[in-house]
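Please walk through this structure one element at a time, with the model open beside the text.

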Amino acid sequence: MAGCGVRWQYILGAALSGALLLTAGILLGHYAIYKEPQTPEWLHSLSRDLDPALLEDFMNQVEAARIGQNLKDLSSKPHMATTKGDEELVQLILKAWRDPQTGLDSAMEGQYEVFLSFPDPEKPNSVAVVMENGSQAFISQETEKNLTADQADRDVVKPYAAYAPPGNPKGKLVYANQGKMSDYEYLVQQGIDLNGTIAITRYGGAGRADKAINGAKFGVVGVVVYTDPGDINDGKASATETYPYSWYLPPSGVERGSYNSHFGDLLTPYYPAKALSLHPPSCTCSNLAGNPVAEAAWQGALGCVYHLGPGFRQDGLFPNSSEVQVNVHNYRRINTSSNVMGLIRGSVEPDRYVLYGNHRDSWVHGAIDPSSGTAVMLEISRVLGKMVKEGKWRPRRSIIFGSWGAEEFGLIGSTEYTEEFYSKLQQRSVAYINVDIAVFANATLRAQGTPPAQSVIFAAVKTPAADSSLSVYENWKQHFSRNSSVYGVIPSLGSLGAGSDYASFIHYLGITSMDIAYTYDRSKTSARIYPAYHTAFDTFHYAETFIDPGFTSHQTVARTAGNVLIRLADALILPLNVSDYGETLQQMYSVAREAFQADLTHHNISLDPLWAAINRFQAAAAGLNQRIANLREEANPSPLDVRMVNDQLMLLERAFLNPRAFPEKYYYSHVIMASRSSSLATFPGLADAYDNAKEDGLWGEVHKQLTIVIQVIENAASILEPVAE
């Protein structure tokens with residue numbers, strides 16, 4: 001037995017030795033053979049770039065018929081801010097964004113207590129011609145004629161000028177053209193005493209509020225604003241050649257509007273608001289007295305010769321002693337207004353936001369303004385929400401949709417939002433896309449934006465339009481083009497003023513912004529805007545019949561804006577070209593040099609430091625573009641390097657802010673994009689200071705504004721330069 005045990009031990013030892021040798025050989029073979037290192041899946045997701053197939057899938061899913069149905073639902077009732085119709089749309093949008101199959105990750109309602117102005121339903125506003133004995137020879141109609149039944153809706157607000165103070169001013173009538181300062185000055189030069197008069201002005205040329213503000217400086221006590229068919233109807237004024245027989249505004253149409261000259265809630269500037277425009281008789285201007293008659297540029301298309309006044313002519317409809325009385329019975333109150341916010345959470349950079357918005361409120365049915373834009377937004381969010389719900393896609397960055405409240409009263413909802421989330425939005429926002437009136441008409445794209453937005457918009461529109469083999473880009477270039485010193489002939493990207501909800505994003509927060517729409521062929525109409533704008537005739541029937549039959553232009557805008565949105569939200573490196581800012585700065589400099597150089601030199605002010613700052617900016621932009629090109633060539637670029645250049649691209653716009661540059665202008669902090677009084681397309685503060693200095697001799701203010709411009713351009717250049725420097 002003992003010998004047997006020894007043998008078993010020997011056999012067991014040999015077996016163990018063999019197993020160890022075999023294991024060692026396997027391990028040695030496994031580790032001795034070189035293998036490519038495996039990249040973790042999470043690293044792949046960090047360096048994932050935009051998938052072109054995703055863009056194509058999105059474009060194919062956008063449906064014109066759905067947009068049309070959206071528009072029908074949105075414009076079925078009047079929905080002025082904070083009214084029942086507006087509140088119903090809040091719930092409609094919330095329901096869409098919470099849909100289990102096509103909704104977003106989350107949707108919420110944000111409320112603000114805002115200061116608004118409404119007409120008294122018991123005391124209609126009016127304009128009357130009053131005789132010496134106190135009787136009324138004429139009084140204006142209360143609202144539009146009922147042509148398609150929509151105008152008879154009990155919720156149609158009677159025409160009024162929001163925020164016009166209540167009162168009954170009376171005086172001799174004068175015709176003040178468009179109510180510009182130069183127009184009132186012209187009347188004074190003609191020997192007309194404006195003190196105590198009522199001015200009748202036509203829309204256009206100056207903002208609504210400015211017509212009254214300008215007049216008050218000359219002693220005007222009341223203003224009546226009307227829509228002249230020469231400005232909006234290509235001269236057509238008769239009932240048989242206007243709506244419902246064409247897109248032109250019928251004789252009874254009245255444009256409503258806000259006479260608030262600022263944006264945001266009037267009672268809470270810079271803080272979130274938490275805790276007279278009646279259609280005159282068609283021949284009023286022709287019955288005015290005055291010799292000579294109004295100059296040719298002041299003549300409209302009411303079918304008569306326009307006189308200046310004051311008062312009525314001896315052989316006219318009214319005695320010369322008659323006066324005009326403006327009766328305003330507006331009341332003001334604080335109401336609860338809602339923004340509706342929707343979110344698609346980003347997969348890699350959830351703390352970077354691409355924002356897309358449009359206001360929801362209208363003056364009446366608002367089929368075009370703003371429901372065309374909201375109809376497009378709902379279709380974009382439906383397609384993207386469906387892709388997310390189906391697990392096909394989730395954007396790299398977060399997408400925030402905003403349906404803003406009370407825009408018509410002064411961009412209130414969007415401004416209150418930027419005030420409430422000022423720090424978060426300024427630190428994390430990539431860009432803001434605005435689609436307000438999506439379709440003015442169906443001829444061509446019209447886009448406005450800050451220079452870096454040009455490249456991403458161009459990339460999005462080089463595909464055919466919904467109803468044409470011609471690309472949106474080429475069609476746009478045929479209608480609106482410019483000669484670029486860098487690219488040659490390209491479509492013309494317009495600049496952003498303060499006409500819609502992008503205003504607080506660009507002027508207050510310094511976020512790259514853009515506004516996208518389809519519009520009319522300028523060679524075929526001189527209309528300053530679509531004729532039914534802000535009237536009771538802006539209905540679904542009007543939109544479907546005359547603006548965009550079949551809703552193919554709406555579909556093109558949805559595809560374009562959605563394409564831009566996806567590129568900004570999903571591209572590895574933000575598709576913003578900072579060099580395009582360099583071209584803009586150089587153009588602005590050329591205008592300033594041409595217009596100002598001689599006078600500035602005479603007052604010992606040099607533009608040389610400005611030119612040096614622009615050169616520095618252009619060099620920094622070119623250097624950043626080269627670093628981006630190098631990153632694109634890398635198979636797996638460093639996530640930190642990608643984040644670094646993206647932050648430079650994102651924060652560039654903020655570098656142009658100076659909140660003390662224009663202390664008299666609420667919210668205007670963007671030194672390059674601010675509003676200006678000067679007609680010269682150059683640096684706004686410098687241009688206005690120069691014009692003023694020519695009058696008052698204060699050339700020190702010119703030097704100050706020049707210094708401000710130089711400082712922000714150098715600041716912007718430093719943002720783009722390598723961070724190690």
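V354 has its place in strand β12, where helices (H or I, at least four residues) and strands (E, at least two) are DSSP runs numbered from the N terminus. V354 is buried, with a relative accessible area of 0%; buried means under 20% relative accessible area, exposed over 50% and partly exposed in between, with a 1.4 Å probe and protein chains only. Setting aside residues up to four places away in sequence, V354 touches S398, I399, I400, V430, A431, L565, L568 and A569, contact meaning heavy atoms within 4.5 Å.

The model is a predicted one, in which local features need pLDDT of at least 70 and side-chain atom pairs count only at pLDDT 80 or more, while totals for chains, interfaces and linings use all residues. Residues are numbered from 1 along each chain as its sequence is written, and side-chain values use heavy atoms, with hydrogens and water left out.

I400, among the contacts of V354, is also the bridge partner of L343 in β13. Strand β13 (residues 397–404) is joined to β11 by five bridges, and the two run antiparallel; two strands are taken to pair if DSSP finds at least two bridges between them. Strand β11 (residues 330–344) is in turn joined by 14 bridges to strand β1 (residues 106–119), again in the antiparallel sense, and within that pairing S117 stands opposite R332 in β11.

Several of these strands meet again around helix α11. Eight of the nine residues of α11 (residues 412–420) are buried, so the helix is largely enclosed by the rest of the structure. The buried residues are I412, G413, S414, T415, E416, Y417, T418 and E419, and they pack against β1, β11, β12 (349–359), β13, α12 (422–428) and α15 (503–508).

Which strands pair with β18, and in what sense? Strand β14 (residues 429–434) runs parallel to β18 and is joined to it by three bridges, whereas strand β15 (residues 444–449) pairs with β18 in the antiparallel sense over six bridges. M514 takes part in both pairings, being the bridge partner of I433 and standing opposite G449.

A separate open sheet is formed by three strands in the order β6-β7-β8, with parallel pairing. Its edge strands are β6 (173–175) and β8 (222–226), each of which pairs on one side only, and the twist averages 25° from one strand to the next, where axes are lines fitted to C-alpha atoms, for helices over the stretch in contact, and angles run from 0 to 180 degrees between N-to-C directions. Strand β7 (residues 198–202) is joined to β8 by five parallel bridges, and R202 stands opposite Y226 in β8.

For "domain: PA", an unreviewed UniProt entry lists residues 170–258; UniProt positions are given in the numbering used here, feature names are shortened, and annotations may be inferred rather than shown by experiment. The end C-alpha atoms of residues 170–258 lie 22 Å apart, and the span is 25% helix and 19% strand. The UniProt annotation "domain: Transferrin receptor-like dimerisation", likewise from an unreviewed entry, covers residues 605–721. In residues 605–721 the end C-alpha atoms lie 28 Å apart, and the span is 63% helix and 0% strand.

Finally, consider helix α4 (residues 64–74), in which N70 has its place. N70 is buried, with a relative accessible area of 17%. Leaving aside its neighbours within four places in sequence, N70 is in contact with A375, L378 and E379.
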